[in-house]
Amino acid sequence: MSGEPNTRLSDLFGLAGWSKGELARLVNRQAAAMGHPQLATDTSRVRRWIDMGEIPRDPVPRVLAALFTERLGRVVTIEDLGLVRHGRAGKRPPGGSEEHPDGVPWAPERTAAVLTEFTGMDLMLNRRGLVGAGAALAAGSALSSAMHDWLHTDPALAADAPVPHQPLHADPAGFDRYEAAPIGSQEVEELERSVEVFRAWDAARGGGLQRKAVVGQLNEVGGMLAYHHPPHLQRRLWGVAANLAVLAGWMSHDVGLEPTAQKYFVIAAHAAREGGDRPRAGEALSRAARQMVHLGRPDEALDLMKLAQSGSGEQVLPRTKAMLYTIEAWAQASMGKGQAMRRTLGRAEDLFVSDKADAPTPDWMQTFKEEDLYGMQALAYRTLAEFEPGAAAHAQHYADKALALRIDGRQRSKIFDYLSMASACFIADDPEQADRYARLALVSMGSNSSQRTWDRLRQMYRLTAEYAGFPKIQELREEIKLALPKDKSPGRSPKGKGPGGSIAPA
């Protein structure tokens with residue numbers, strides 16, 4: 001017992017709206033349902049947890065995490081509740097806040113446990129049909145400052161690190177926890193292949209249909225990481241965990257589960273660093289930056305991009321640097337900073353061309369091809385065109401180049417290019433061409449589960465208003481209204497204001 005209030009638990013208790021007596025009764029009932037009928041919690045114990053920082057014994061932390069997860073409709077972990085037995089109980093680290101109490105980074109030995117617990121709770125939400133969107137996003141600046149020193153230090157798992165003979169006993173976690181067991185190179189290869197399958201499916205069809213499968217696979221990998229394998233296998237397992245966490249985050253972002261997505265991006269950065277892959281950690285954080293631009297917070301995206309670029313280390317390939325610069329340019333465009341955007345895109349293009357492919361390209365970078373560079377350039381110029389209409393011509397130029405190369409089945413990226421082109425054509429006063437590309441996007445969206453494509457369509461719909469008097473455009477507007485999901489109205493920005501709400505290609 002620390003003698004100090006558990007501020008994390010107190011904050012979430014206030015959000016849940018229970019009384020202390022009510023929470024005690026719920027704990028006893030939930031514990032019995034989980035196979036612990038002997039548990040007898042009362043109001044005074046709940047008071048000690050909240051007001052005195054007492055950490056209850058297992059299974060109470062897991063029971064509380066399950067109760068808060070169901071009550072708040074989003075994943076709440078033992079870490080979120082301040083019930084982990086390390087340091088001073090319940091005290092927020094520097095990166096925490098009342099809105100986002102689970103500060104980062106956590107201790108290295110907690111990474112596998114946090115990963116497994118979070119995915120287990122996420123799977124529980126999936127089963128019970130809860131949306132998981134009730135949390136607040138951490139500010140990009142808060143994440144950046146909390147993770148800066150940690151990301152710039154050497155990874156905890158080094159190639160020559162001594163490996164204990166005893167397995168790592170992670171804290172008991174979520175309900176779908178994989179029973180930890182040693183594995184061999186063949187199993188790791190199968191996991192690596194599964195990442196490729198999930199990645200291809202996501203790019204083709206969007207994240208909604210396979211998100212639960214990816215989260216489940218990540219949950220199993222977290223269990224595997226509870227054992228210390230030989231260093232070469234352990235590093236590869238951390239790599240699989242990082243790749244799956246990025247995918248889980250991207251798929252969550254794709255269907256609008258923004259706080260959940262951000263947590264997965266942070267988990268991915270932790271996993272990549274544990275495996276000694278700082279460039280992968282930087283790329284994971286760049287995903288969080290793209291998310292921030294999507295939500296109309298480009299200034300916070302730039303904070304995250306500084307960390308992603310500086311924290312990627314010296315081994316980062318030119319093509320990876322180019323990709324990071326395109327995201328920075330998109331954020332600058334969202335703020336109307338045209339000169340800065342053009343300089344940044346120039347750096348990206350120079351780096352992309354300079355990559356001689358004399359070093360193996362990481363699997364997670366193999367989807368950033370020439371067409372993806374053009375697609376990001378088109379998006380940046382299309383976004384800037386909201387401030388400088390003359391930039392629309394450049395957006396059309398790069399979107400055309402991207403579309404000419406889209407032959408690899410990544411349908412979602414092609415939809416984004418169609419929408420960038422259509423929006424640029426509307427801004428450039430070419431409604432006939434805009435109608436053509438808008439219809440190409442619309443006909444492709446029926447088989448795609450990406451909410452982000454609908455968000456981009458709403459952004460484009462806003463631009464059609466000026467041409468509503470044209471019969472063809474009025475017909476297009478009616479078709480869009482019929483096609484849009486019923487829970488949102490056309491013209492609504494995806495949680496941000498102005499052009500910063502446009503969405504990046506995958």
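Modeller: A charge sits over a ring if NZ of Lys or CZ of Arg is within 6 Å of the ring centre and within 35 degrees of the ring normal. Please keep in mind that this is a predicted model.

Colleague: What makes R436 a charge that sits over the ring of Y437?

Modeller: The charged end of R436 is 4.7 Å from the centre of the Y437 ring, and the limit is 6 Å. The charged end of R287 likewise sits over the ring of W250, 4.7 Å from its centre.

Colleague: How many aromatic pairs are there by the ring rule?

Modeller: The count comes to 9 aromatic pairs.

Colleague: Why is the pair of F352 and F368 called edge-to-face?

Modeller: The ring centres of F352 and F368 are 6.0 Å apart, and a pair requires centres within 6.5 Å. Their planes stand at 70°, and over 60 degrees counts as edge-to-face, so the pair takes that name. The pair links distant parts of the chain: F352 belongs to helix α14 (residues 338–354), whereas F368 lies in the loop between α14 and α15 (370–384), 16 residues apart. Both F352 and F368 are buried.

Colleague: What makes Y467 and F470 an edge-to-face pair?

Modeller: Their centres are 5.7 Å apart and their planes are at 70°, so Y467 and F470 are edge-to-face by the cut-off of over 60 degrees.

Colleague: How do you know whether Y467 and F470 are buried, partly exposed or exposed?

Modeller: Y467 has a relative accessible area of 4%, which is under 20%, so Y467 is buried. F470 has 43%, between 20% and 50%, so F470 is partly exposed.

Colleague: How do you know that the span of α17 agrees with its number of residues?

Modeller: At 1.5 Å a residue, the 17 residues of α17 (residues 411–427) should span 24 Å, and the end C-alpha atoms are 25 Å apart, which agrees. Helix α17 is mostly covered, with 14 of its 17 residues buried. D429, which follows α17, has a positive phi, near 65°.

Definitions and conventions. Residues are numbered from 1 along each chain as its sequence is written. This is a predicted model: local features need pLDDT of at least 70, side-chain atom pairs count only at pLDDT 80 or more; totals for chains, interfaces and linings use all residues. Side-chain values use heavy atoms; hydrogens and water are left out. Helices (H or I, at least four residues) and strands (E, at least two) are DSSP runs, numbered from the N terminus. The expected span of a helix is 1.5 Å times one less than its number of residues. Buried means under 20% relative accessible area, exposed over 50%, partly exposed in between (1.4 Å probe, protein chains only). Rings of Phe, Tyr and Trp (its six-membered ring) pair if their centres lie within 6.5 Å; planes under 30 degrees apart count as stacked, over 60 as edge-to-face and the rest as tilted.
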